[in-house]
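Work through the following exercises with the sequence and the coordinates at hand. Each task is followed by a solution in steps.

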Amino acid sequence: MNASTIISDEMTLEEKLAAIDQAMANAQAQADEDAAARGTVAAPIDPADLTMCDGCQ
């Protein structure tokens, strides 16, 4: 997830927080949808996972 596609310097703090909340909700919805397609249940997404690059995880 690229933060520059979600927030910008022109946004207020409230707008930035709302955009981050929406991005997290979208990521969780996608994980739930993918899990349902496989017949499993998705665990809640850990926000810390979105702060690390895939190679670091």
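**Exercise 1.** What volume does the largest pocket have?

Solution. The model is predicted, so local features need pLDDT of at least 70 and side-chain atom pairs count only at pLDDT 80 or more, while totals for chains, interfaces and linings use all residues. Residues are numbered from 1 along each chain as its sequence is written, and side-chain values use heavy atoms, with hydrogens and water left out. A pocket is an open set of points on a 1 Å grid over the protein atoms alone, where a 1.4 Å probe fits, with protein on both sides within 12 Å along at least five of seven lines. The volume of the largest pocket is about 210 Å³, taken as the space filled by probe spheres set on the points.

**Exercise 2.** Name the residues that line the largest pocket and sort the lining by class.

Solution. Lining residues have an atom within 4 Å of a point. They are M1, N2, A3, I6, I7, I20, A23, M24, P47, L50 and T51. Nine are nonpolar, two polar and none charged.

**Exercise 3.** Is A27 buried or exposed?

Solution. A27 is found in helix α1, a helix being a DSSP run (H or I, at least four residues). Its relative accessibility is 18%, so A27 counts as buried. L17 also lies in α1, which spans residues 13-38, but is partly exposed at 46%.

**Exercise 4.** Where does M52 lie?

Solution. M52 is in the segment after α1 and is partly exposed, at 39%. Its C-alpha atom is 9.6 Å from that of M1, 51 residues away along the chain.

Methods: Helices (H or I, at least four residues) and strands (E, at least two) are DSSP runs, numbered from the N terminus. Buried means under 20% relative accessible area, exposed over 50%, partly exposed in between (1.4 Å probe, protein chains only). Ala, Val, Leu, Ile, Met, Phe, Trp, Tyr, Cys and Pro count as nonpolar, Asp, Glu, Lys and Arg as charged, and the others, Gly among them, as polar.
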